[in-house]
Amino acid sequence: MTDSLNTPQAPAPGELPRHEPGVSLRHTRAKGEPRFPDGPRADPAGSHFERRIRSFQPRRSRVTAGQADALQRLWSTWGLDIDGQRVIDLAELFGNTRPVVLEIGFGMGEATARMAAADPDTDILAVDVHTPGQGNLLSLADRHGLGNVRVGNGDAIILLREMLTPDSLGGLRVYFPDPWPKKRHHKRRLIQPEFLTLAATRLRPGALVHCATDWEPYAQQMLDVLTAHPDFENTRPDGGFAPRPGFRPLTRFEGQGLEKGHVVNDLLFRRVPRPEDQQPQ
């Protein structure tokens with residue numbers, strides 16, 4: 001006889017298949033079936049926008065059952081596909097008028113979740129293209145009741161250029177972006193004059209731009225580019241790098257790098273007011 005308690009049962013319509021924690025869901029999809037029917041889209045912007053050199057490279061890696069469950073359950077409420085087809089109202093997205101910080105590239109989301117928990121009066125729009133990380137951050141936000149987190153899927157440049165209004169952001173965080181160490185790939189680095197010019201149009205005067213990297217040549221380039229840009233000023237009187245502020249958590253991966261002798265540099269710059277920011281009296 002067959003033990004019905006141990007016999008796999010077909011999932012009900014709309015129900016996720018049952019899997020052991022940590023097991024990949026790739027093999028459960030039929031050919032041509034979306035990876036997550038109710039989750040983030042594979043290429044939200046599609047071919048609507050011009051081809052350009054991108055600062056990120058999408059990574060395909062295993063999605064655990066817990067991450068997939070979070071993507072399926074929570075994406076419609078806390079997720080945002082960056083399709084470039086509409087302008088979003090951040091107050092509507094978060095359901096309040098608190099300041100919003102844009103975080104570009106959040107890895108697995110542990111640091112993002114910790115910052116959100118420590119500062120509930122600030123909303124965080126965290127953008128990445130790494131599906132396991134998106135699912136993990138949604139799971140952390142759900143588990144800890146972090147209603148001040150929203151997860152964006154896609155190209156942050158399209159988000160800034162097409163979907164955000166001027167002066168809508170209260171801050172920008174770029175932690176440990178891809179350093180693109182080979183010289184021929186330096187053009188792919190995110191922190192460039194053109195990116196800063198775009199970001200400045202979406203940041204309120206006084207908004208903090210916080211970058212961190214453990215790749216020293218990239219840190220120096222960031223410092224040079226930010227220092228030279230007319231829309232930003234260094235918060236450090238000496239014009240150099242800043243100590244890691246208390247609000248940026250030390251992640252496990254960063255700690256491992258420090259143990260290996262890596263040097264982590266933080267940069268804290270503010271968006272300075274422009275003449276057009278001055279309201280008539």
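Where pLDDT is low, the predicted coordinates should not be read in detail. Now colour the whole chain by pLDDT. The average is 85, and 80% of the residues score at least 70.

**The sheet**

Next, show the strands. The 8 strands make up an open sheet with mixed pairing, and its order reads S1-S4-S3-S2-S5-S6-S8-S7. Which strands stand at the edges? Select residues 79-81 for strand S1 and 232-234 for strand S7: each has a single partner strand, so one side of each is left without a neighbour in the sheet. Across this sheet, neighbouring strands are turned against each other by 25 degrees on average, with direction ignored.

Strands of a sheet pair through backbone hydrogen bonds, either parallel or antiparallel. The next selections include both senses.

- Select residues 100-104, strand S2, together with S5. The two pair in the parallel sense over 3 bridges. Pick Leu102 in this pair; its bridge partner in S5 is Leu172.
- Leu172 has Val209 as its bridge partner in S6.
- S6 and S8 pair in the antiparallel sense over 6 bridges. Here Val209 stands opposite Phe269 of S8.

**Helices H5 and H6**

How do the two helices pack? Their axes lie 10 Å apart at an angle of about 45 degrees. Angles from 65 to 115 degrees would count as roughly perpendicular and those under 35 as roughly parallel; H5 and H6 are therefore oblique to each other. The crossing of H5 past H6 is left-handed.

Show side chains for the contact. H5 contributes Ile157, Leu160 and Arg161, while H6 contributes Phe195, Leu198 and Arg202. Sorted by class, the contact of H5 with H6 has 4 nonpolar residues, 2 charged residues and no polar ones.

Terms used: Residues are numbered from 1 along each chain as its sequence is written. Side-chain values use heavy atoms; hydrogens and water are left out. Axes are lines fitted to C-alpha atoms, for helices over the stretch in contact, and angles run from 0 to 180 degrees between N-to-C directions. Helices (H or I, at least four residues) and strands (E, at least two) are DSSP runs, numbered from the N terminus. Angles under 35 degrees count as roughly parallel, over 145 as roughly antiparallel, 65 to 115 as roughly perpendicular and the rest as oblique. A crossing is left-handed if the near helix is turned anticlockwise from the far one by less than a right angle, and right-handed if clockwise. Contact means heavy atoms within 4.5 Å. Ala, Val, Leu, Ile, Met, Phe, Trp, Tyr, Cys and Pro count as nonpolar, Asp, Glu, Lys and Arg as charged, and the others, Gly among them, as polar. Two strands pair if DSSP finds at least two bridges between them. pLDDT is the predictor's confidence in each residue, from 0 to 100.
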